[in-house]
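Here's a quick walk through this fold, with the model open beside you. Take a look at it first, then read on.

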Amino acid sequence: MFRATKIRLYPTAAQQDLIARQLGCVRFVWNKALDLKVAAWKERRESLSIHTLITMLPVWKAGDYPWLKDADAQALQMTLRHLDRAYGNFFARRARFPRFKKKHAARQAYAYPQRVKVESDKVFLPKIGWVKAVVHREIMGAIKTVTVSRSATGKYYAAVLTEDGRSLPEPVRHVTRVTGIDLGLNDAVIASNGTKTPNPRFLRRSLKNLRRKQQSLSRKVEAAKARCVAAGRPVADLRDYFGSNIAKARRQVARAHERVRDARTDWQHKVSRQLACENQAVCVETLNVQGMMKNRRLARAIADVGWSGLVTHLEAKMQAQGGHLVRVDRFFPSTQLCSRCGARNADLTLKDRTWTCAACGTTHDRDINAAINIRQQGILQLKAAGLSVYAHGGGVNPSPIGMVAA
Ligand SMILES: [Zn+2]
């Protein structure tokens, strides 16, 4: 089983310099190799193999680019492998054509294939040395790769990928604890047992702060542009003229974004952890997030909740414990069906938060009813896949409104 652990690094000023140099060399090799590959194909219809490119590295070092010797050789080879994979992904139609790496990109990273050591309070990086670190979780198993990155806010991380030699646990065949969840905007997660997790609205809270910082940044950029024009310098090279004020404003914008992102990720892990702890199977409706994103008013709220990240984390946690994540087709009319008798209420509108079934008289909370239907549909799918499901309760018989746990 692979496991990734992200460790915060605290390099000294001298080590930051070395990391910057390493990043520069990796960027150079990526861009140089990409350039050669594109040219070889254009001019000679030749596709340069990864092996050809790797044999070029010592030639470059001995020739025009002796400073490449300062960088870790294996990290340089690694970037060629990444480029090779990026090409493969492009031809398999999984990704866009690989792009040149920019010096001013917000996040910069490079990877070591081996020779990294992790101790309780420090990490050894080849060519950099022992770097102070906060290792919040024990690193178990063999280290596969270590990716060193510098964020837009100037923080350093090492993402350590390990393989513990074990395989994923066998998924359980007898399921007794199942929950269906409906994903919403007022409440982010509505569970079939009636539990509602409110939408934390990270972005809305931080948006004002973010907007103020963005305005401050753009004012400074405009002023710098005006100075360039006045001095007759090309505006296109503006980034090279950026003074410390603009750099500072840009860091502040990046930090505001980072805070929102961190809070959201943290929330996703907490919610998915709890769902995973309490269940052997969680049923979730597949969402047409891209379709919903076209509705601009909904788009920000959806991006704010981060449903897809939540489901991704949930799936990983369920797999790690031998549980199931059941995706229920989004065209299944989970909202309109009465979860008690199965009658369909086609007249239901988005505004109806509660409704009473004309066939059996049960009054439903719209979202909980949907979650119960998703659960029932998920149980059917589990049974269809040959599993036995002995699940009782969990809100299969809906409680009357007012008695549900909210
Ligand atoms: Zn009914």
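Among contacts in the protein between residues at least 6 apart in sequence, what percentage join residues at least 24 apart? It comes to 69%, where two residues are in contact if their C-beta atoms, placed from the backbone, lie within 7 Å.

Before going further, a word on where this comes from. This is a predicted model, in which local features need pLDDT of at least 70 and side-chain atom pairs count only at pLDDT 80 or more, while totals for chains, interfaces and linings use all residues. Residues are numbered from 1 along each chain as its sequence is written.

**Overall picture**

The protein has ten helices and 16 strands; these are DSSP runs numbered from the N terminus, with helices being H or I of at least four residues and strands E of at least two. Its C-alpha trace spans about 80 × 55 × 50 Å along the principal axes. Of its 406 residues, 26% count as buried. Buried takes 20 or more other C-beta atoms within 10 Å of a residue's own, exposed takes 12 or fewer, and partly exposed is in between, with C-beta atoms placed from the backbone.

**The cores**

In soluble globular proteins, nonpolar side chains tend to be buried together. A nonpolar core here is a set of buried Ala, Val, Leu, Ile, Met, Phe, Trp, Tyr and Cys residues joined through C-beta atoms within 7 Å. The largest one has 31 residues, and Val-26, Ala-75, Val-123 and Ala-158 touch the most other members. Elements that each supply at least two residues include β1 (2-10), α3, β4 (122-125) and β7 (156-163). The largest share, eight residues, comes from α1. Another core, of 30 residues, lies apart from it, with Met-318, Val-326, Val-328 and Ile-379 among its members.

Zoom in on Ala-158 and, leaving aside neighbours within four places in sequence, you'll find it in contact with Ile-7, Leu-9, Val-123, Ala-133, Val-146 and Val-148.

**A helix pair**

Two packed helices are described by the angle between their axes and the distance between the axes. The axes of α2 (residues 50-62) and α3 (residues 73-91) come within 10 Å and cross at roughly 155°; axes are lines fitted to C-alpha atoms, for helices over the stretch in contact, and angles run from 0 to 180 degrees between N-to-C directions. The two helices are therefore roughly antiparallel to each other, the label for angles over 145 degrees. On the α2 side, the contact is made by Ile-50, Leu-53, Ile-54 and Leu-57, and α3 brings Leu-76, Gln-77, Leu-80, Arg-81 and Asp-84.

Gln-77 sits in helix α3. Leaving aside neighbours within four places in sequence, Gln-77 is in contact with Ile-54 and Leu-57. Gln-77 and Val-26 are 51 residues apart in sequence, yet 9.0 Å apart in space, C-alpha to C-alpha.

**Loop residues**

Two non-glycine residues have a positive phi, Arg-45 and Lys-127:

| Residue | Phi | Loop between |
|---|---|---|
| Lys-127 | about 70° | β4 and β5 |

Arg-45 counts as exposed because it has 7 C-beta neighbours inside 10 Å. Lys-127 has 17 and so counts as partly exposed.

Leu-350 is in the loop between β13 (324-328) and β14 (354-356). Leu-350 is exposed, with 7 other C-beta atoms within 10 Å. From Leu-350 to Val-229 is 54 Å, C-alpha to C-alpha, across 121 residues in sequence.

Terms used
Angles under 35 degrees count as roughly parallel, over 145 as roughly antiparallel, 65 to 115 as roughly perpendicular and the rest as oblique.
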